[in-house]
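Visitor: Can you take me through the aromatic contacts in this one?
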Amino acid sequence: MATEEAAPPKPKKEEPRVGVYICHCGLNIAGSVDVVEVARVAEKFPGVVVSKDYRYMCSDPGQELLKKDIKENNLNRIVVASCTPRLHEPTFRAAIQEAGLNKYLFEMANIREHCSWVHLRDREGATAKAIDLVKMAVSRAVLLEEQVEQKVPVIRRTLVIGGGVAGIQSALDLADAGYQVYMVEKNPSIGGRMAQIDKTFPTMDCSICILAPKMSEAGRHPLIEIMTNSEVKSVTGYVGNFQVEILEKARMVKDTCTACGDCSKVCPVIAPNEFDMGLAARKAIYQPFAQAVPPTYIIDRNLCLNKGHVIACERCVEACLAKSIDFSLTDKTTRLDVGTIVVATGATTFDPTKLAEFGYRKFPNVITTLEFERLINAGGPTRGHLVRFTDFKEPERVAFVQCIGSRSENRGNPYCSNICCMETIKDSLLIKEHWPDVAIDVYYMDIRAFGKGFEDLYKRAKAEGIRFIRGIPAEVRETNGGDLKVIGENTLMQRVYDETYGMVILSIGLEPQEDSNVIQRLLVLNKTADGFFMESHPKLLPVDTPTKGVFLAGCAESPKDIKDSVTQACAAASRANILMARGEISVEALTPIIELDKCTGCGLCVKVCPFNALQFVGEGKGRKVQVIEAACAGCGTCGAECMFGAITNKHYTDAQILAQIDAALEVGAEKKVMAFCCNWCSYAGADFAGVSRMQYAPDVRIVRTMCSGRIAPKFIRRAFAKGAAVVLVSGCHLGDCHYINANHQTKKRVEKMWAELDRKGVRKERLQLDWFTAAEGQKFADRINEICGIATTVTAEEIQKAVAAYKEN
Amino acid sequence: MVLEKALPEQTHARYWRKPLDIDSQKIPRGKVHIIDVRCKECGFCIEFCPKDVLEKSDKYNRKGYNVVRVVKGREDMCVACKHCEDICPEFALWIEEVKG
């Protein structure tokens with residue numbers, strides 16, 4: 001499966017010649033860290049030949065400086081102290097590669113996100129920490145070895161999860177580029193929210209009229225296979241080689257269905273139609289809406305009278321001339337191999353029942369914007385007539401209330417839902433277009449008309465006589481005959497308003513899908529604080545996710561309008577295309593090497609490997625373990641488990657990590673917190689704290705591993721032997737591990753270590769375990785402050801006791 | 001209002017309004033006729049009625065069985081699927097389809 005890029009590296013036993021470069025990053029680093037001093041101190045570190053500070057290392061001249069120095073000073077290891085390796089490691093790796101060095105001979109010290117940005121007002125502490133971080137990086141760098149990356153093929157097929165406008169666009173783009181696309185949709189038809197909407201802003205196009213052609217194009221496309229009424233059940237594998245299981249729930253109607261509707265006429269069960277927001281009824285056998293793709297009818301199995309194997313009612317079967325209804329159909333699980341995955345799972349709407357003051361559900365004439373869309377739609381239950389629910393008459397005055405469930409810290413969601421202002425403006429203009437005599441008031445907090453053509457629409461609305469009143473109502477009350485009183489304060493006029501309307505429309509915000517946790521777990525994604533999926537980088541990798549080969553499109557990432565969803569869908573398709581067009585991808589050289597003479601064949605590593613990448617060879621006493629390179633993802637939990645030192649994890653060797661610990665704790669260990677963070681969640685969480693400038697105490701020193709599963713008990717013991725006050729082990733939340741479940745091993749090991757500390761009389765509080773997501777910057781900062789607080793309570797005697805207990809380490 | 005009752009008891013919490021077109025939806029309705037004397041209290045019809053229209057009564061028939069009866073208040077729920085007719089081993093009940 002895997003092919004080698006080149007001949008194996010020749011073992012070079014040359015003296016390390018390290019070049020150290022301290023980046024100012026303008027004032028981002030130099031503002032709080034004395035970079036000149038750091039560079040001066042670093043010059044004395046063992047192995048360092050060149051040590052310089054430079055304004056912007058990532059700039060072209062900065063990279064040129066690297067290349068020039070490598071040639072002139074014959075450097076063979078490079079340390080750049082700048083931002084997080086999650087941002088610029090690839091940049092510098094490419095630069096040293098151009099200068100003829102193997103890219104694995106590069107190490108980064110994160111003195112921006114983990115230092116200058118989180119200690120903005122502590123120049124002394126930040127400088128001391130930066131010196132330590134550089135020292136750790138240098139001591140690791142001298143032990144770095146050349147590695148050869150393997151190339152694995154990328155399967156040229158893709159999975160699109162979600163069949164809304166974003167999913168459809170991604171699928172069409174990728175299929176048109178020539179890749180096989182599988183589209184999985186939870187609902188019986190593709191189309192998503194856009195299919196429900198009447199008109200789109202700012203151009204007032206008919207929504208379904210522009211969407212339906214795309215839906216049927218996707219349905220017809222020879223390279224798109226649409227799986228509706230389906231869910232993703234499991235995802236395994238890695239970029240380029242995902243194995244996915246899809247559960248296709250039986251429709252009970254075969255695709256020979258002609259969509260004539262005869263079955264629906266005779267069906268004796270009625271239910272509210274979800275597509276019409278429950279404003280119209282449907283039968284238990286139904287078509288979600290006229291333009292549905294696939295057009296095939298479906299039986300709602302929760303409602304159908306036939307349960308299990310008991311066929312009580314056969315009216316639909318008898319009515320169907322095409323003989324398409326088959327109650328013997330069963331759910332089907334399909335296994336797919338795909339190279340890339342696009343997540344376009346969309347969003348759901350806020351339920352305003354929670355905000356009791358607006359009287360939704362209490363007063364029939366209080367409706368949501370989504371109900372309004374169906375009400376005003378010519379294909380909707382009232383054939384497009386604006387009527388209120390109490391008397392089915394056209395209201396004389398209508399009020400819109402903005403920001404329902406949005407921009408509120410304690411009730412609803414804190415974020416702006418992006419679309420509601422424009423939706424209201426569009427809806428009010430639609431009313432004016434058909435019923436010019438209806439008076440419309442819009443109660444708002446701020447009108448956000450920021451997009452192309454949005455302001456024009458807003459101006460048009462004002463010109464049409466729609467009143468915009470600043471101040472969200474405090475209360476909506478029902479008066480005679482279903483009329484509604486809207487009471488609140490006009491904050492611009494500082495005057496109380498008390499107006500009567502025939503209908504109040506609540507402009508509801510968007511929320512993450514209720515079941516987005518399932519997708520999050522399956523694909524090991526992160527979520528931002530608002531619950532939407534987190535992108536790899538908010539500016540430069542806006543559709544990538546931390547899981548390579550998985551891309552985001554549409555409202556799954558954040559609330560957005562149709563245009564933005566489509567734009568992002570095209571971007572996601574293009575990113576997936578890049579991977580698949582190349583056809584192969586190099587995987588990082590992080591696999592373990594097993595020294596057969598030390599391996600006893602005990603099998604501990606085989607047990608903990610989440611990927612089944614370790615296998616036994618031989619039998620009985622001669623039993624050994626071997627690595628299946630293509631299956632290994634490089635978490636390193638095998639190395640942490642091996643008791644015989646038989647496993648060397650490439651690029652994260654024991655020696656390298658121990659050297660970092662030693663360097664971090666060389667001076668002033670008794671005050672320091674030795675932290676171990678996994679690359680994907682907790683290290684990224686620390687980066688997020690940095691980007692958000694969340695200040696915390698400067699006594700923490702972070703060692704990065706790919707997974708918290710790599711953190712061996714011997715690292716913890718060494719930290720205590722060197723006199724660390726507190727040790728923090730951190731990783732992704734249990735269940736969110738990027739290596740399936742390797743962090744469960746972390747938990748087990750830390751629990752064992754607690755027992756050991758107890759036996760040795762070391763306070764258990766001095767070993768901390770916590771989980772952070774990449775979005776939990778605030779939690780990270782708070783916890784570090786708390787742990788640094790614990791560190792100050794550790795006495796010199798306690799430190800000495802632990803040092804004595806672990807001195808042989 | 002009969003049709004409103006025909007809505008499933010547990011509609012999704014999100015869709016709580018009475019559908020506007022509910023009165024135009026046609027649902028078949030049935031009237032249950034029970035021949036008391038034939039019923040042997042096997043309970044098949046009660047067990048398999050998909051709309052839970054039937055229950056055991058405390059009335060004894062001539063043979064000494066508690067005969068089946070229509071649940072009070074659910075008389076309008078029968079949709080005339082006639083499954084009870086099919087499964088009754090004693091031909092003790094039949095459904096008359098109500099027109100209109």
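Guide: What follows covers ring pairs and charges over rings. The model is predicted, so local features need pLDDT of at least 70, side-chain atom pairs count only at pLDDT 80 or more, and totals for chains, interfaces and linings use all residues. Residues are numbered from 1 along each chain as its sequence is written, chains are lettered from A in the order in which they are written, and side-chain values use heavy atoms, without hydrogens and water.

Visitor: How many aromatic pairs over all chains?
Guide: The count is 16, where rings of Phe, Tyr and Trp (its six-membered ring) pair if their centres lie within 6.5 Å; planes under 30 degrees apart are stacked, over 60 edge-to-face, the rest tilted. Among them is Phe450(A) with Phe454(A), edge-to-face at 5.7 Å centre to centre and 65 degrees between the planes.

Visitor: Is Phe450(A) buried or exposed?
Guide: Phe450(A) is exposed at 52% relative accessible area, while Phe454(A) is buried at 5%. Buried is under 20%, exposed over 50%, partly exposed in between (1.4 Å probe, protein chains only).

Visitor: What about Phe611(A) and Tyr739(A)?
Guide: That pair is edge-to-face too, 6.2 Å centre to centre with 85 degrees between the planes. Phe611(A) is partly exposed at 21%; Tyr739(A) is buried at 5%.

Visitor: Switching to charges, which ring does the charged end of Arg93(A) sit over?
Guide: The ring of Tyr104(A), 4.7 Å from its centre. The rule is NZ of Lys or CZ of Arg within 6 Å of the ring centre and within 35 degrees of the ring normal. Arg140(A) has its charged end over the ring of Tyr652(A), 4.8 Å from the centre.
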